[in-house]
Amino acid sequence: MSEMTLSDIAGKLKKIDICMMSTKGSQGEISNRPMSNNGDVDYDGDSWFFSYEDTRKIVDIGRDTGVTLSFTEPPSLLGKPGIFISIEGKAELIRDKALFEQHWTKDLDRWFPEGIETPEIVLIKVHAGRIEYWDGEYNGTVSV
């Protein structure tokens, strides 16, 4: 597959739960942490993540909304390399419980025991601007 579309990328992301979210720290350093897409994989260029308010990533996003999400699919059983997907975008911090409900899954209760009523919960929306991919044979860029 030499040229991927947003639809192709969406299909790949449905199989990958965890990504690394990169933010810029106060001194310009890059900070990375694993984040789950929570099964919210109807990918249209927006990624959704829940977090607690009192984390460094929330402080970083408050200062600089530019983030990168890095997804990796493992190799196939037959040895074909997986795909690497890098999404550069702008993050938005959302505190609207109606949107929490739209993006909530029961699996999140593990980290947020009071559901959408958990104190200090925030939803991070990352809107992609540019997506780069590498699958071991082909690479390319998808603009959103």
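The largest pocket of this predicted model holds about 220 Å³ of space. A pocket here is an open set of points on a 1 Å grid over the protein atoms alone, with protein on both sides within 12 Å along at least five of seven lines. Its volume is the space filled by probe spheres set on the points, which are joined across faces, edges and corners. The lining comprises 13 residues, and Met35, Ser36, Phe50, Trp111 and Phe112 are the closest to the centre of the pocket; a lining residue has an atom within 4 Å of a point. Strands β2 (30-36) and β3 (46-52) each supply at least two residues of this lining. Helices (H or I, at least four residues) and strands (E, at least two) are DSSP runs, numbered from the N terminus.

Residues are numbered from 1 along each chain as its sequence is written. Local features need pLDDT of at least 70 and side-chain atom pairs count only at pLDDT 80 or more, while totals for chains, interfaces and linings use all residues, and side-chain values use heavy atoms, with hydrogens and water left out.

Aromatic rings come next. The whole structure contains five aromatic pairs, where rings of Phe, Tyr and Trp (its six-membered ring) pair if their centres lie within 6.5 Å. One aromatic cluster is formed by Phe50, Tyr52, Phe100, Trp104 and Phe112.

The largest nonpolar core has 26 residues, of which Ile9, Ile85, Ile87 and Ile124 touch the most other members. Such a core is a set of buried Ala, Val, Leu, Ile, Met, Phe, Trp, Tyr and Cys residues joined through side-chain atoms within 4.5 Å. Buried means under 20% relative accessible area, exposed over 50%, and partly exposed in between (1.4 Å probe, protein chains only). Two or more residues each come from α1 (6-13), β1 (18-24), α2 (56-63), β4 (66-72), β5 (84-94) and β6 (121-134). Strand β6 gives the largest share, six residues. Another core, of ten residues, lies apart from it and includes Ile94, Trp104, Phe112 and Leu123. In soluble globular proteins, nonpolar side chains tend to be buried together.

In α1, Ile9, Ala10 and Leu13 are buried. These residues lie on the same side of α1 because they cover an arc of only 105° around the axis, the arc being that of the directions from the helix axis to the C-beta atoms. They pack against β4, β5, β6 and β7 (139-143), with contact meaning heavy atoms within 4.5 Å. In α2, the buried residues are Lys57, Ile58, Asp60 and Ile61. Their arc is only 160°, so they too share the same side of α2. The face turned away from that buried side carries the exposed residues Arg56 and Gly62.

Phenylalanine 84, in strand β5, is partly exposed, with a relative accessible area of 42%. Leaving aside neighbours within four places in sequence, phenylalanine 84 is in contact with Phe71, Thr72, Glu132, Tyr133 and Trp134.

Technical notes: Rings of Phe, Tyr and Trp (its six-membered ring) pair if their centres lie within 6.5 Å; planes under 30 degrees apart count as stacked, over 60 as edge-to-face and the rest as tilted. On a 1 Å grid over the protein atoms alone, a cavity is a set of points where a 1.4 Å probe fits but cannot get out, and a pocket is an open set with protein on both sides within 12 Å along at least five of seven lines; lining residues have an atom within 4 Å of a point.
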